[in-house]
Amino acid sequence: MVAFEVPEIDYTRYTNRQLAAVPLAVLAVALLIIAGWYAATGVPVNPGLEFTGGAEIRVAVDAPDGQARERIQQAFDPAPETIRGVPSDNTYILTFQTEEVGVSALEEQARAAGFEVQSSYTVSPSFGSRTQLLALGGVAFAFLGMSALVFLMFRTFVPSVAVVISAFSDIVIPVALMNVLDIELTLGTVAALLMIIGYSVDSDILLNNHILRRSGEFYESTHRAMRTGVTMTLTSLAAMTVMTIVATLFGIQLLAAIGTVLVFGLSADLMNTYMLNLSLLRWYKYEGVAN
Amino acid sequence: MGVVRENWRIFLLIVVLLGSLFALFSPTVAEGGAEAPGVASSGATNLQYGLQLSGGTRIRAPLVGVTAAEVEYGDVETPEAEREVAGRLGDVSVADVIVRPTSETSGTVEVTADGVTPAELGRALDAAGYEYAETRNGVTEETRAQTVDILADKINEAGLSGGTVQQIQTPTGENFILVEVPDANRQRVVDLVNQRGSVRVDAYYPSDGGYEQTTVLERDDFQSIGNAQQGGEGQLPNVPVVVREDVAPRFQQQMSQSGLAGQGGSRCSYTTSPNSTDACLLLIVDGQVVNSFGMSPGLAASMQSGDWAQDPRFVLQTQNFSESRQVAINLRAGALPAQLDIGPDGEGTSSFIAPSQGEQFRIDSLLTGIIAVFAVAGVVFLRYGEVEVALPMIVTALSEVVILLGFAAGIGYPLDLSVIAGFIAVIGTGVDDLIIIADEVMAQGDVNSRRVFQSRFRKAFWVIGAAAATTIIAMSPLAVLSLGDLQGFAIFTILGVVVGVLLTRPAYGDILRALLTRDD
């Protein structure tokens, strides 16, 4: 069996400044995108149906793709905001962001046009905005809780801050990517953001632990931590990539959303842990601690 | 015995695994769980599936209403106070005002009509001269509990088996009613819960040149309510009822006096000529006249003679059978004290999933999970290249999922898509931690003594514990916040981490030790 090895990177070739520059630049770009989005639309990321209110129905249409879309356009009044085809069966997921027509009426229209209603979902705007508030509060609480825990575990400023900044960037980058790729904030993506907090901190803690709490030379510790950490992240990344692809094919939106955002977050984490967190740790180890 | 003491963690894991398998497959466990409402159990396992994976309708909405606390209405009787408040609120009917006394002279006042604001209720109370502590949106706990009971009755009466109604409270103090009905059409459930369902019978009769209308029978006046009848042979669909013995004489007298039980009965033409009809009985549901009917000569005669009260049977006629059914359901379950706030401008959410779709999701999500496991396994095998290390890793991670599935089956927790996502997350974190253990233990050459193994294992566990703690912290808001679909995800991710840290990951350590240290 062919075993792959995590390559050993010669960190001595790069200064701390060089190492930190890339992830910080990416973080800055991500923050800019989010700020720009906020300035343009009034929200940091487009909220999905669950937060804005609206209706979503999934219909089975017995027709080839192009024709089916046309029939869908004609069948509904108001016309659906988005139409998404599910590759594995002949169904389409339609969303409506309208308050005038109830979901019952939309179901009627679908049946009248000869479509089979597979599922329907409706959220009122006020319920949605309440949910949004709860979700954002949840993410904030999770982040603060994680930060407090990290400070308690390491009890030193720089290493703890390094973990917290990495985790922050791990969340911000996927959010910016969501804007760029037109992925809406849903309950699934909120769950994924929370999972990023849980997942991404693992490799940071591992790195800090190896460098700070173990005997051994800095680069050697780093390499050992990387061997484990990169393997961890790669397995998760593999699982999530596959889950995203399969769930998209099957039209299971919740799983697809969680998978997509986690893929972004885990990739960002690879960069942040082994460039940003590492450079801060090296600075702390060699210059920050008076020895 | 030495082997057992050495490897007790592995044995503990095996025992727990067997327990989980028992919970999953034993028919004895299913007896208690299958009755769990709102979910469908199916197939060879005792697993229960939620609406997303079995199909059905879910409605979550607050109740319409505003409440004033500690209203001082003095020595006025409560019905009097209700009329007073309703009168000051314009077009709010008395039925929409509920006064619940908390002491001799005060109580809470609820208005359950749509569109009344707390401020309006405040002004109405001021106008009536009642002092009050505060007004707010929402209704009282009693009203919510009553609504839940009546809704549950209605769903049962309508023959929608397995339906549940429950009250949920968000940590921010808001209250919602959650209705879940498997396999049912969304519209049918919405119709059912949307109807307040107050049924009454009014007498409509000529007097002094005009017509008068008085309520003669209400829900409490019936001793028993029969099943809706199809009718046929000149008979309309109807609900046979028996009027209570102590009410029957009064009703009989009213019938005679109003002329309904006159000579030869009465012929009702309320719908076509309401101003020149004989006396009529009107069946009124939620303020709407559903049907009007007269009285047959035979029944009229027995009422006049007073014989009817000895055997006070009666039929409530409707225009069609589905109306009969609704009337029967409403009479048995009673009227809702407050309505669910659903609809386009409401504050609720509803979802419907076709049973076929649910089943498809069940298969698809299972496939997704299995494929994700294969992806993880592939990376692990590629990375270690040693079956001895990698295979136990995959088996251990999968055993976590089996334990969680067993747990879900044991407590009857319905599986939904979010729970499946939780399982996948658990496999992910589980394998991550096993990688930490494996790398740590195998670092720097062979593990040749148990002492070396122990010290390395302990080091690895510090990281695992720290990572587990952060995951639990990150997931805890979702586990307690009522964000609906995601609660199951968070609960099972947290459970998986706990099971992993306490049970499976230590056991994996033992397995590795048995495989790597050869000094036994």
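Predicted model: local features only at pLDDT ≥ 70, side-chain atom pairs only at ≥ 80, totals over all residues.
**A helix with a buried face.** Now look at helix α4 of chain A, which covers residues 103–112. Its buried residues are Val103(A), Leu106(A), Glu107(A) and Ala110(A). If you look down the axis of α4(A), these buried residues fall within an arc of 100°, so they line one face of the helix. What do the buried residues of α4(A) pack against? The table shows their partners, and you'll see that both chains take part.

| Partner of the buried residues of α4(A) | Residues |
|---|---|
| β1 of chain A | 54–60 |
| α3 of chain A | 65–75 |
| β3 of chain A | 91–96 |
| β4 of chain A | 116–123 |
| α8 of chain B | 186–194 |
| β17 of chain B | 349–353 |

After α4(A) comes Gly114(A), which has a positive phi, near 85°.

**The wider contact.** Let's step back to the two chains. On the chain B side, 63 residues are in contact with 60 residues of chain A. The elements of chain B that give two or more residues to this side are α8, β17, α12, α14, α15 and α16. Which of them gives the most? That's α12(B), with 17 residues. Sorted by class, the side of chain B that touches chain A has 39 nonpolar residues, 16 polar ones and eight charged ones.

Definitions and conventions
Residues numbered from 1 in each chain as written. Chains lettered and ligands numbered in written order. Buried ≥ 20, exposed ≤ 12 C-beta atoms within 10 Å, placed from the backbone. Helix = DSSP H or I, 4+ residues; strand = E, 2+ residues; numbered from the N terminus. Arc of directions from axis to C-beta. Contact = placed C-beta atoms within 7 Å. Nonpolar A, V, L, I, M, F, W, Y, C, P; charged D, E, K, R; others polar.
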